[in-house]
Amino acid sequence: QREGSLPTRAVVFADISNMCNSISRESLMNIISLDFLELLPLAHLLYGGPGTVHHRWEDGSWRAVKIFEGVNQGCPLSAIFA
């Protein structure tokens with residue numbers, strides 16, 4: 001692709017089955033600690049505690065909600081962990 005031209009390709013991931021919210025963090029950590037020990041520090045960094053999701057309401061205000069299960073949508077590793 002030439003510099004200054006528009007992209008000709010894109011990658012799109014669709015969470016059709018709501019996969020990201022269906023994952024047990026406890027099960028994820030158990031699997032990683034048994035089979036992928038080298039990923040455990042990264043998994044603890046990303047999913048060792050609750051995540052925060054920010055929602056914008058119709059009035060323009062923002063609210064934060066803590067999530068305790070699932071993986072974060074937008075995280076580059078969420079599709080791999082799912």
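Trainee: What makes the crossing of α1 and α2 left-handed?
Mentor: A crossing is left-handed if the near helix is turned anticlockwise from the far one by less than a right angle, and right-handed if clockwise. The crossing of α1 and α2 meets the left-handed case. This is a predicted model: local features need pLDDT of at least 70, side-chain atom pairs pLDDT 80 or more, while totals for chains, interfaces and linings use all residues. Numbering runs from 1 along each chain, and side-chain values use heavy atoms, without hydrogens and water.

Trainee: Why are α1 and α2 called roughly antiparallel?
Mentor: Helix α1 (residues 25-35) and helix α2 (residues 40-47) pack at about 165°. Angles over 145 degrees count as roughly antiparallel. Therefore α1 and α2 are roughly antiparallel. Their axes lie 10 Å apart.

Trainee: Which residues make the contact?
Mentor: Contact means heavy atoms within 4.5 Å. From α1 come R25, L28, M29, I32 and S33. From α2 come L40, A43, H44 and Y47.

Trainee: How do these contact residues divide by class?
Mentor: Ala, Val, Leu, Ile, Met, Phe, Trp, Tyr, Cys and Pro count as nonpolar, Asp, Glu, Lys and Arg as charged, the others as polar. The contact of α1 with α2 has 6 nonpolar, 2 polar and 1 charged.

Trainee: What lines the second largest pocket, by class?
Mentor: The lining has 9 nonpolar, 2 polar and no charged residues. Among them are L28 and I32, which also belong to the α1 side of the helix contact. The largest share, 4 residues, comes from α1.

How values were computed. Axes fitted to C-alpha atoms, helices over the stretch in contact; angles between N-to-C directions. Helix = DSSP H or I, 4+ residues; strand = E, 2+ residues; numbered from the N terminus. Parallel < 35°, antiparallel > 145°, perpendicular 65-115°, else oblique. 1 Å grid on protein atoms, 1.4 Å probe; cavity = no way out; pocket = protein on both sides within 12 Å on 5 of 7 lines; lining within 4 Å.
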